[in-house]
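Here is a short report on the model shown below. Please keep the sequence and the structure in view while reading.

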Amino acid sequence: MKNIFADIFLPFKKSPAILISFILSVFSLSLLIIQFAWIANQNKKIITYDQTGPGKFQAKYLTINMEIPDRSDGTKNCWQEENGTWGSQYDIYIYNNTDYTFLDWELEMTVPEEARIDSSWNGEFTQSSGKIKVKGEQETLTIMAAAHSSIKIGFVLYTNQLMNSSSFHLTGKFLRNPLKNKLFLFALTVFFVVFIIFIISNVVYYLVKKQRTIDNEKIESLIKLCARFIDVRDEYTKMHSSHVGDYARKIAEKMGFDEEFQKNIYYMGMMHDVGKVLIPREILCKTSKLDDEEWKEMKKHPLYSAGILEGFTAVPGIKEAALYHHERYDGSGYPTGLREKEIPIQARIICVADSYDAMHTNRSYRSHLSDEVILQELEKNKGSQFDPDAAEALITLIKEHKL
Ligand SMILES: [Fe+2]
């Protein structure tokens, strides 16, 4: 389970483009959802407008203008029938000045109980208990309710007395189109852009990763080939290079280095003694003690290794690992006598791994040492021959039986 999560989150750790585009995608998607929810909620709200008396009415927030004929002179659009009743013509203009469609609207007007509608236009009129209600007809509703449009509804009303004023009550809902909302459109645009960047970043990341895997496989097979070539020359140290590579990787892991470093130090361990191919076989495979000249030649192998690895850039630091792997922490090693932190860390780790393999395997002049003796040697030489941290990591690995 831990590995699954590690694999999922690895691209976010390795690629800032993936991480940033993912965060922006989540942020803009959240903004989209919030904005959409707000719009959906607004679309459910019933909007109410009230007007008392004739004239133009400017509604607050979403502008609805309603005009009724000016009857202030008491006669305009009004007439008296022979039977004494008064006729009045009402023309009501409703303007929708918003960007949204106005739906399910209903206009209600208070009239005297005895009033009666004689004729009407552009609406569905009903009358009861001193109220006239008007709804948009199906075919006119769309026209009336569309954004930035208007409609005229009207009727002729007969009353016993001249009616000088009227009150209106208008209700309805505005249908907000998210695609006309600037914030929604902004969030939508940002979301699409960053999401596309996120997808492209992922594709690029996996293509590069795949190519790196192929490259690493090629490098590893070449290095293994070289290591076999090194090891077969010396029958007593067979598989020494491979073993040092394995031990160095485990020590680096125990010391907390990342996977890239662990992979590289494995390669360094495999190649640290590559210069031995230039040491004459009679010296390399000699079972008796080397004389001074032979020992002098033998001690040149780190320099030979560095020369061979010069320009091998596929594994950064590999030349230094080979050149300094016989340096001692106290400065008494060879070929340059570097000490402590002057010695590159990869060389200090290879030194410990190299010595462990030497102690752990049979040699011409002795049998392999037991773990107890090796632990004593590591403790004794920790800080003099060996880097203390690398030696401590190896001691822990031995005690945990992980080698
Ligand atoms: Fe060596």
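How far apart should the ends of helix α4 (residues 182-232) be, and how far apart are its end C-alpha atoms?

## Helix α4

At 1.5 Å a residue, the 51 residues of α4 should span 75 Å. The end C-alpha atoms are 74 Å apart, which agrees. The expected span is 1.5 Å times one less than the number of residues. Helices (H or I, at least four residues) and strands (E, at least two) are DSSP runs, numbered from the N terminus.

This is a predicted model: local features need pLDDT of at least 70, side-chain atom pairs count only at pLDDT 80 or more, and totals for chains, interfaces and linings use all residues. Residues are numbered from 1 along each chain as its sequence is written.

Buried residues of α4 include F184, F198 and I230 (buried: 20 or more other C-beta atoms within 10 Å of the residue's own, C-beta atoms being placed from the backbone). Their cover includes α2 (16-44), α5 (240-254) and α6 (259-271).

## Helices α5 and α11

α5 packs on helix α11 (residues 345-360) at an angle of about 125°, and the axes are 8 Å apart.

Contact means C-beta atoms, placed from the backbone, within 7 Å.

## Strands around β10

Strand β5 (residues 86-96) and strand β10 (residues 149-159) pair antiparallel over 11 bridges. Pairing takes at least two DSSP bridges. I94 has I151 as its bridge partner in β10.

Strand β7 (residues 116-121) also runs antiparallel to β10, joined by five bridges. Here R116 stands opposite Y158.

Definitions and conventions: Buried ≥ 20, exposed ≤ 12 C-beta atoms within 10 Å, placed from the backbone. Contact = placed C-beta atoms within 7 Å. Axes fitted to C-alpha atoms, helices over the stretch in contact; angles between N-to-C directions.
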